[in-house]
Each structure stands twice: as structure tokens, then as C-alpha cells.
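Please look through the structure shown here before reading on. The questions and answers that follow take up rings, chain contacts and a single side chain in turn.

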Amino acid sequence: MTQPMQSLPEMYHTMLRIRRVEEALAERYPDQEMRCPMHLCTGQEAVAAGVSIHLRQEDVVFSNHRAHGHYLAKGGSLDAMVAEIYGKSGGCCGGRGGSMHLVDLEAGFLGSAPIVAGTVPLAVGAAWASKLHDRDQVAVVYFGDGCFEEGVLHETMNFASLKQLPVVFVCENNGYSVYTPLAERQPDRPILEIARAHKLSVDEGDGNDVQDVAIRAGKAIQAAREQFKPQFLELHTYRWLEHVGPYEDDHLGYRPAGELKKWRKRCPIQRTAQVLTEEYGWSQADFDKREKWVAKEIEAAFQFSKESPPPDSITASQFVYAE
Amino acid sequence: MDRRASSAAPKSANTAKKNRGVKRQLTYGEAIREGLYQAMETDPGVVVIGEGVPDPKAIFETTRGLREKFGADRVLDMPLAENGMTGVCIGAAMCGVRPVMVHQRIDFALLAMDQLINNAAKWHYLFNGQGRVPLVVRVLVGRGWGQGPQHAQSLQALFAHIPGIKVVLPTMAGDAKGMLLEAIQDDNPVVIVEHRWLYNIRGLVPQKPKRERLDRARLIQPGKHVTVAAFSYMVVEALAAAKVLAEYGVELEVIDMRSARPLDMEPVLDSLVKTGLLMVLDIGWATCGVSAEVSTRAVEEGFEHLRKPPKRVTLPDHPVPTSHHLSVDYYPDAETIAREALVLLDKPLPDDESEEVFLRLHRALPRDVPNPDFTGPF
């Protein structure tokens with residue numbers, strides 16, 4: 001049995017937790033109390049779970065607008081995330097960021113931001129700092145296939161490769177930018193080869209199979225950490241819900257018929273559950289136990305958010321400049 | 001006639017009280033180099049990066065010798081990737097590095113506006129005071145010698161529009177060093193606008209790494225008739241005009257604004273109490289420019305002292321053409337300032353004296369260099 005397999009229960013828990021948190025957010029979103037755009041990663045949980053299992057607390061992660069999974073998998077506080085989406089003072093940004101801007105410095109989650117590819121150079125900068133200061137620290141950045149259309153991605157990969165920085169570029173290729181499929185945005189060529197042309201070590205895998213992700217990410221993170229070799233991972237996955245918001249949107253017709261159904265069958269959580277049943281001898285009680293833990297934690301997070309006082313608007317002018 | 005004109009330009013314009021007693025003179029460019037050197041010596045987290053930093057021209061000498069002293073890891077050239085590399089520097093700044101980026105032309109920094117505005121300017125605010133971006137971006141205004149519409153712009157207003165960024169424009173050599181040192185120490189992104197025509201001007205520069213605040217304008221030439229709030233190289237032109245006008249009994253009170261954000265209006269408002277007349281001189285355009293901001297603030301906060309509307313002396317509202325034949329009238333200078341000052345004062349001098357002032361301040365052709373020993377191609 002390979003190393004990541006031993007951590008399968010933990011990764012299952014991580015994925016289940018992300019899924020249930022987002023389901024709870026989606027359920028309550030229509031109440032109009034979470035008044036910010038919310039991009040759910042439902043269906044894509046395996047990427048964050050499989051990458052984060054190899055990260056240390058001091059390793060740093062940057063993410064994008066669809067950040068809930070990345071943040072939670074890295075150890076970001078659930079209470080602070082939910083409160084942030086509710087715009088409360090107990091939120092990780094005290095209500096200044098909302099769903100698209102998560103941060104937990106203690107957990108090594110240095111921030112997420114929605115400008116496409118905007119955080120990619122930040123991760124490379126963190127990796128540069130790590131190398132300059134001779135720290136044993138890896139930087140990871142999650143981004144989508146759309147970033148290959150942004151110049152800054154290439155500018156940044158060029159530098160990471162030139163200076164051999166300990167960074168792992170994780171591309172979640174879910175095939176769409178908002179409603180626009182990849183084929184309408186990019187020529188028919190493997191994006192992996194572009195990363196290879198930048199002389200990064202590259203690999204691609206099944207982003208809906210947490211074991212596959214974990215095996216590939218493990219190698220990549222180790223090579224970045226020990227050999228200062230920048231890494232690129234392309235993980236194929238699929239967004240189940242609308243680009244932004246809590247609902248399904250298959251009725252809009254921008255996805256080919258049957259595509260969503262096919263990917264739903266490849267649910268990373270169900271697939272892992274099957275492995276746990278068949279190879280780890282998990283019983284229904286084992287699954288129920290985890291559902292219970294997660295549900296309890298989620299309930300507490302919503303309770304925390306509810307009780308967290310709203311921030312005072314008089315403080316909105318603070319922190320424009322660091323003192 | 002032309003000899004007289006060039007002799008009106010001050011060799012050393014630094015008359016600041018606090019530097020009295022400091023005898024040592026350096027050029028503006030040398031002062032920057034000394035500042036970088038001392039900052040790197042003091043703080044191992046400081047790195048200097050930019051296109052051409054370690055190349056044979058060494059950013060007009062300002063980075064000369066730094067690599068030899070501090071090594072290639074800390075003094076490095078940069079891929080031609082202004083936006084990406086600004087992001088890289090922001091990420092590094094969050095993690096304990098203090099990067100000093102330099103763009104040989106401010107125009108190149110336009111490619112980095114996304115990272116500067118969306119990330120550098122927002123990070124501290126957005127994350128509720130968590131995270132800091134101690135980033136310095138040096139940008140050079142490349143006026144003259146036909147640099148043309150994309151190599152000679154003065155874009156301080158673009159940066160100064162953004163909360164979260166500090167924008168300073170040192171004029172004197174001592175400030176070039178002192179404000180650079182302070183900017184490097186500052187935990188915020190600071191854009192330093194350096195005008196190329198200041199580079200060869202000598203000024204008093206303390207040897208010690210003495211820091212200068214980034215939020216203070218400075219009165220550098222007292223006078224009782226017209227308040228002149230000037231930015232960057234226009235301070236030099238203002239002092240030249242003030243010197244000649246003073247001989248005819250007309251006194252300009254010249255304030256080196258030094259910073260566009262934060263803007264320090266206090267010396268301007270204090271001065272208006274005395275003069276009641278304001279001229280605002282900027283190296284950039286008027287529309288939505290920093291001169292507009294200064295004028296508005298003067299009207300909002302000092303209206304009762306103003307005897308006339310503020311007069312702005314800025315660039316005409318079009319790009320600068322390359323040919324020096326076309327750009328002859330583009331840049332206002334000491335003569336322009338004297339003419340506008342005398343209009344503000346309702347022509348206090350007899351016509352022949354006014355003409356004499358203008359003649360003495362008139363600059364010979366061609367006007368695409370600051371003085372005869374400053375030649376291209378730079």
C-alpha cells in the first residue's frame with residue numbers, strides 16, 4: 001500500500017467536511033444574509049484534500065475566488081470562514097473580504113483573491129522568500145484553466161523556473177470559465193505542455209480521485225521542498241454548480257447534455273467511500289460517525305457566525321496603511 | 001543672454017534648515033545609490049530588482065556596485081515581466097523580504113497596475129490588518145532627448161489615486177536618499193517618482209542613513225507674494241524663477257510638496273494666509289492630476305485666504321511628441337512660472353522690468369535637455 005493510502009480516511013474526512021460545509025452554505029444562501037458572491041467547489045474537493053495532506057503548517061498556500069476547499073484543507077478556521085461570508089466581525093477578514101478573500105495566517109493560508117491568476121505570482125514570491133531565507137518551506141497556488149490565458153501566469157512560471165523556486169502550481173482544470181468552455185478560449189493543445197515548455201516538472205492526474213491526486217502531489221511537493229524544483233500539476237475535475245451562487249445551472253444549456261451526470265458519477269467522495277468500504281472494511285457506522293462530527297462542527301460554525309457581532313462601519317476606514 | 005539663463009538654475013537648491021551644517025554634496029543619483037547601499041547593509045531582507053539593475057549602465061549609476069557588494073541573490077536583473085514580477089515582489093514582501101523594484105521608465109510600470117492596485121494596495125486593508133506589503137517601486141520620468149509619448153510620462157496621479165499606496169516625489173538629493181531609506185523601512189507599498197532631470201543636480205546629503213518622512217511638504221524658499229506648491233523637477237524651475245523675481249522685489253514662497261499621497265497641505269495653507277495667491281506646479285497633466293488635488297484642497301480648506309482662483313502650471317493636455325521642434329512649448333519652465341506669477345499679482349512691475357525678467361529666464365533652444373552638459377541618448 002502506498003503512503004497516501006494510509007491517509008485515505010483523513011482525506012475522506014477533509015473532502016466530506018468541505019462538501020457538507022458548502023451544502024450548508026448553499027442551503028442558507030437564499031436567506032439573503034450571506035451578502036457576497038460565493039463560488040462553491042462542490043465536485044472538486046479531491047484536489048485540495050490530496051494536495052494538503054502533504055503540506056506542513058508552515059508551508060504557504062494562495063488561492064482564488066473558489067477557495068473554500070483550499071482554505072479548509074490547509075487548516076483554515078471554519079468558524080472564521082463562515083463568519084466572514086456572513087460579513088461578521090468574527091470573520092477571517094472581519095467582514096472585509098467575504099467568500100472570495102479568505103486568510104488564516106496561522107494555518108499558512110496566506111490569502112485568496114479573485115483576479116484571475118492574480119495570486120499566482122504571490123506564491124512564487126513566497127517561494128522566492130523561502131529560498132532567499134533558506135527556509136524549508138513550500139508555496140502552493142491553486143488556479144484554474146483560465147489562467148493559461150493570462151500573461152501573468154507565464155511571467156510567473158518563467159521566473160519560478162529561472163530561479164528554481166520551491167513552488168507547486170496546481171491547476172484545477174474544470175473545463176469552464178464561468179459559462180465559457182475551454183475550447184472557445186484556447187486552441188486544442190495540452191496546457192501541460194506549456195508548463196513543460198517553461199521547464200517546470202509537470203504531471204497530470206484525475207482531480208476526482210483523491211488517491212491519484214495525493215500520489216502526484218506528494219511527489220511534486222517533495223521535489224519542490226528537497227530539490228528546489230518548481231512543479232506543475234494539472235488535475236482534471238468538474239464544477240457541479242453554477243459559477244457563482246448556490247444553485248445548479250444545467251438548465252442554461254451551456255454544458256453538453258449528460259456531461260454533469262457523467263461527472264456526478266465520478267464524485268470524489270463516493271469513490272473514496274467505496275474504497276474505504278471495500279479495502280478498509282468501513283461499516284455504515286464509520287461513515288455515520290464522520291457525518292455526525294462534521295454536522296456538529298458545521299452547526300457550531302453557523303452558531304458562531306450568528307453570535308458574532310456585526311463589525312462597526314466606523315472601522316471601515318482602518319487599515320488602509322500599515323502603521 | 002543664454003549664459004545668464006542657465007546660471008539662474010541653482011546648482012544646489014537644498015536650503016532646508018535641518019541640513020545646515022551638512023557640508024557634503026552628492027548628486028541626486030549618487031544619493032540614491034548611497035541610500036540603497038546603506039539600506040542593504042543594514043537589513044539583509046532588502047533586495048534590489050529591476051530590468052537592468054546589474055547591467056553596465058546600472059540604472060543611471062544608482063545601482064552601481066551593489067551586486068559586487070551584496071551578491072546576485074539580492075541584486076538582480078528581472079525578466080521583462082513587470083506585472084508578474086511585481087506580484088512576485090509582493091508575495092516576497094509578505095514573507096519577510098523588502099524588495100526595491102525599479103523601472104527605468106515610469107511608463108513600464110503601467111504593465112504592473114493590476115498587481116499594484118489589486119494586490120499591493122489592498123492586502124493590508126482587505127485582510128483586516130493582517131499581512132503587510134513593504135514594497136518600494138522606483139519609477140523614473142524620462143523627460144527629454146526625444147523620449148516621446150511612451151518614455152517620458154509623469155503618471156504620479158495614477159498611483160496617487162489609490163488608497164493603500166504612498167507616492168513620493170523627492171526633488172532634493174538629500175530627500176532622494178532620506179525618503180528612499182524611509183520607504184524601504186515603511187510597511188506599505190511606496191512608489192518613488194524620480195525625475196531624470198534631477199539626477200545630476202547636487203545637494204547636501206548627510207552621510208549617515210538619516211530617514212526623511214514620507215508625509216511632509218517642505219517650505220524651501222520663503223517669500224511673501226505668491227505661494228508656489230511645486231512637485232518634483234518643477235521645484236527647480238520655481239526656485240530659478242524665484243531667484244530672479246526676488247531681484248525685482250517679487251517674492252515667491254516655494255514649497256516642495258515632496259509627496260502626492262499622503263498630501264501635506266499644511267505648509268500651503270499656512271502660506272496662503274500670508275500671500276492669498278496660489279500657484280500649483282506639476283510635472284504632469286492638469287486633468288485629474290495632483291495639481292487638481294492640491295488646488296481643490298486649497299479651495300476647500302483655505303478659501304477664505306484666497307484672493308484669486310489657484311493657477312496651475314502643468315503640461316498641455318496632449319502627449320509629448322518626440323521631435324524637439326514639436327516639444328519646444330510643451331514643458332513649462334521658470335519663465336512660464338514668472339509670467340504666471342506676475343499675472344496673478346496683476347502685473348506689479350513696469351513692462352520693461354517684466355521683459356527683463358522673462359529674458360533672463362528664457363531658455364535657449366534646444367530645450368530637450370536640462371543643461372548643456374546633459375546629453376543623450378539616456
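Q: Over the ring of which residue does the charged end of Arg28(A) sit?
A: In this predicted model, local features need pLDDT of at least 70, side-chain atom pairs count only at pLDDT 80 or more, totals for chains, interfaces and linings use all residues, and side-chain values use heavy atoms, with hydrogens and water left out. Residues are numbered from 1 along each chain as its sequence is written, while chains are lettered from A and ligands numbered from 1 in the order in which they are written. A charge sits over a ring if NZ of Lys or CZ of Arg is within 6 Å of the ring centre and within 35 degrees of the ring normal. The charged end of Arg28(A) is 3.9 Å from the centre of the ring it sits over, which belongs to Phe302(A).

Q: What is the angle between the planes of Phe148(A) and Phe232(A)?
A: Rings of Phe, Tyr and Trp (its six-membered ring) pair if their centres lie within 6.5 Å, and planes under 30 degrees apart count as stacked, over 60 as edge-to-face and the rest as tilted. Phe148(A) and Phe232(A), with 5.7 Å from centre to centre, form an edge-to-face pair, and the angle between their planes is 80°.

Q: How many residues apart in sequence are the parts that the pair of Phe148(A) and Phe232(A) ties together?
A: Helices (H or I, at least four residues) and strands (E, at least two) are DSSP runs, numbered from the N terminus. Phe148(A) lies in the loop between strand 3 (139–144) and helix 7 (151–163) of chain A, whereas Phe232(A) is in strand 8 (residues 231–236) of chain A, so the separation of the parts they tie together is 84 residues.

Q: How many salt bridges are counted between chain A and chain B?
A: A salt bridge is a side-chain nitrogen of Lys or Arg within 4 Å of a carboxyl oxygen of Asp or Glu. Contact means heavy atoms within 4.5 Å, and 41 residues of chain A are in contact with 42 residues of chain B. For salt bridges between chain A and chain B, the count is 0.

Q: Is Arg258(B) buried or exposed?
A: Arg258(B) is placed in the loop between strand 11 (252–256) and strand 12 (259–261) of chain B. Buried means under 20% relative accessible area, exposed over 50%, and partly exposed in between (1.4 Å probe, protein chains only). Because its relative accessible area is 3%, Arg258(B) counts as buried.

Q: The backbone oxygen of which residue does the side chain of Arg258(B) reach?
A: Leaving aside neighbours within four places in sequence, Arg258(B) is in contact with several residues, including Asp175(B) and Glu212(B). At 2.8 Å, the side chain of Arg258(B) reaches the backbone oxygen of Arg216(B).

Conventions:
A polar contact is a pair of N or O atoms within 3.5 Å; within protein, one must be able to donate a hydrogen and the other to accept it, and residues adjacent in sequence count only if both atoms are side-chain atoms.
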